[in-house]
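Hi,

Here is the structure I said I would pass on to you.

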Amino acid sequence: MRNWRSAAAVTALLLTAGLTAPGTQAALAAGAAVAEEHTASDVHLFYYPWYGSPAVSGGYRHWQQGGHTPPGDVGADLYPTLGPYDSGDFAGAVTQHMRWIQRSGAGTIVFSWWGRDSYEDRLATGVLDAAARFGIKVAWHLEPYAGRTAASTVADIAYINSRYGSSPAFYRDAEHGDRGAFYVFESLRIADWSALDQVRAHSIVLAQTTDTSKVAHFGGMYTYDAIAGATAPGWKQASDFCRANGLVWAPSVGPGYVDDRAVPGNTTPTLSRDNGATYDLEWRNALAPATGGSPSWVSVTSFNEWHEGSVIEPASSTPPAGLGYQTFAGAYGTTGAAAETAYLDRTGYWVDQFAGEVTPPAPDLAAGRAITASSATGGYPAANANDGDPGSYWESLNHSFPQSITVDLGVVSSVGKIVLRLPPSPAWGARTQTLSVLGSQNGSAYSTLSPSAGRTFDPATGNTVTITFPATTQRYLRLTVTGNTGWPAGQVAEFQVFRG
């Protein structure tokens with residue numbers, strides 16, 4: 001069920017509240033201000049409650065992985081904005097996590113659980129309580145503890161349902177019979193899962209695979225791998241299988257992967273974040289019908305698996321020096337403290353895209369229509385601007401303004417909105433194009449629909465500009481470009497026209 005809110009609206013609230021850096025008192029106040037905002041319960045973030053610190057747990061847990069010595073030296077290529085925190089610090093770190101998760105728009109965390117009375121199990125009630133205060137739901141990631149079997153997994157599900165099922169934060173999917181959700185990590189370690197038939201009535205159990213021959217008795221499939229989403233191997237087949245058999249399909253997307261500090265000497269596999277382009281690519285693969293099919297849920301790897309460098313949790317822009325830490329600088333055109341929350345906010349953008357699939361999008365009247373331009377640079381013709389591919393674009397002759405691009409809708413139509421896009425890659429830095437929108441019914445006499453003004457294309461908001469104007473009937477729509485701060489030419493990747 002997609003109960004969602006605009007990520008931009010929450011970001012605006014945070015900025016209005018004076019948020020300058022995560023973890024400050026301003027952040028706490030801002031988080032409280034948005035506590036009533038709704039989130040998307042079918043976007044799930046893998047969440048790790050396995051960290052410890054001397055102040056709370058009497059010693060460090062997990063941060064020293066790879067032979068490191070916290071607090072300055074931790075087993076991760078990125079350094080948390082909160083420092084090496086404790087997963088049992090419910091009033092501090094965990095509450096801040098819930099604020100950030102709410103800011104991201106994701107509505108569910110998938111709690112890494114390592115068996116009854118494990119460290120993580122003992123922290124579950126505190127995390128559930130913190131999540132409940134922010135309207136966040138909690139699903140479960142059943143990890144491969146020593147001796148796990150199909151029978152013990154069934155018993156674990158019964159235990160979790162009994163012990164935690166009364167929490168208001170306990171996730172149940174209304175679209176699938178109000179059943180809880182249990183992801184089984186490394187499910188292929190066990191061949192016979194027939195015992196799961198005992199829990200199907202009340203629980204959705206997901207196998208970690210795209211191999212449709214390995215999911216008998218499961219209620220769905222997920223992938224987890226933060227690297228595979230860049231190529232989506234087997235995703236469409238898995239999606240089609242799940243849809244045909246009434247199963248949940250929850251492909252996993254991630255911003256990148258690097259683990260060489262946690263696993264010294266390991267240089268592969270590694271997947272660069274590419275300043276956010278990797279995360280965008282994986283999200284597009286998950287949502288595109290040709291690759292990801294039509295996901296029931298989207299799972300994100302991860303909120304805070306620091307060892308593997310797949311986090312969207314804020315990473316410090318000023319980590320301890322001399323240890324080779326990376327930062328998020330450059331992500332979606334951001335730097336400094338603003339970059340720390342770049343992946344949270346970009347998650348919000350994609351949550352909105354996913355939520356927007358609930359109702360069919362308004363038709364783009366310009367898609368595939370005849371389109372011409374006053375000029376074009378070789379390899380970047382006018383036809384690129386309405387071919388449906390956000391990566392291709394029209395570019396006019398350089399150093400020669402004004403330039404124009406005109407689309408013929410084929411018939412006179414009621415129009416009231418133009419959406420312009422440049423390629424979504426962060427390599428396309430923010431730029432302002434000065435342009436006007438003109439309309440004509442006959443292709444010769446044009447009137448101004450929106451006067452010339454600077455329109456800013458920003459990678460942080462998808463390099464998208466929306467221009468609205470009073471509804472009018474037109475057949476030809478023309479953009480006239482007189483300036484561009486990013487390149488000395490007119491540039492448009494998508495020129496979309498919508499009804500008024």
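By salt bridge I mean a side-chain nitrogen of Lys or Arg within 4 Å of a carboxyl oxygen of Asp or Glu. As for the background, side chains of opposite charge can pair when their charged atoms come close.

Before you go further, please keep in mind that this is a predicted model: local features need pLDDT of at least 70, side-chain atom pairs count only at pLDDT 80 or more, and totals for chains, interfaces and linings use all residues. Residues are numbered from 1 along each chain as its sequence is written, and side-chain values use heavy atoms, with hydrogens and water left out.

Back to that pair. E186 is partly exposed at 28% relative accessibility, while R189 is exposed at 57%. The words work like this: buried means under 20% relative accessible area, exposed means over 50%, and partly exposed is in between (1.4 Å probe, protein chains only). E186 has another feature to look at, a positive phi of about 55° although it is not a glycine. You'll find E186 in the loop between β4 (180–184) and β5 (203–208). Helices (H or I, at least four residues) and strands (E, at least two) are DSSP runs, numbered from the N terminus.

**The whole protein**

How many helices and strands does the protein have? There are 10 helices and 17 strands. The radius of gyration is 24 Å, close to the 23 Å that the globule rule gives for 500 residues, so the protein is as compact as a globular protein of that length. That radius is taken over C-alpha atoms, and the rule is 2.2 Å times the number of residues to the power 0.38. Along its principal axes, the C-alpha trace spans about 75 × 55 × 45 Å.

Of the 500 residues, 56% count as buried. Now take the contacts (heavy atoms within 4.5 Å) between residues at least 6 apart in sequence: 73% of them join residues at least 24 apart.

On charge, the protein has 30 positive and 41 negative side chains, and the centres of the two sets lie 6 Å apart. Lys and Arg count as positive and Asp and Glu as negative, with His and the chain ends not counted. Each charge is placed at NZ of Lys, CZ of Arg, CG of Asp or CD of Glu.

**A helix on the inside**

Take a look at helix α8 (residues 277–287). Nine of its 11 residues are buried, so α8 is largely enclosed by the rest of the structure. Among the buried ones are Y279, W283 and L287, and also the charged-type residues D280 and E282. What covers them? The cover of the buried residues in α8 includes β1 (40–47), α7 (235–244), β8 (252–253), β9 (298–300) and α10 (342–355).

A search of the whole structure finds 10 salt bridges. One of them is between the side chains of D121 and R163, at 3.5 Å from N to O. D121 lies in helix α5 (residues 119–133) and R163 in helix α6 (residues 150–164), so this pair ties together parts that are 42 residues apart in sequence. D121 is buried at 1% relative accessibility, whereas R163 is partly exposed at 44%.

Another salt bridge joins K236 and D240, whose closest N and O atoms are 2.8 Å apart. These two are four residues apart in helix α7, which means they are separated by about one helical turn. Salt bridges that share partners join K236, D240 and R243 into one network. K236 is partly exposed at 31%, and D240 is partly exposed at 32%.

**Backbone details**

Where are the cis peptide bonds I came across? One joins P70 and P71, with omega about 10°, and P71 sits in the loop between α3 (54–57) and α4 (90–104). Another joins T301 and S302, with omega about 15°, and S302 is in the loop between β9 and α9 (336–340).

Y332 is also in the loop between β9 and α9. The phi of Y332 is near 55°, a positive value in a residue other than glycine, and Y332 is buried at 3% relative accessibility.

Happy browsing!
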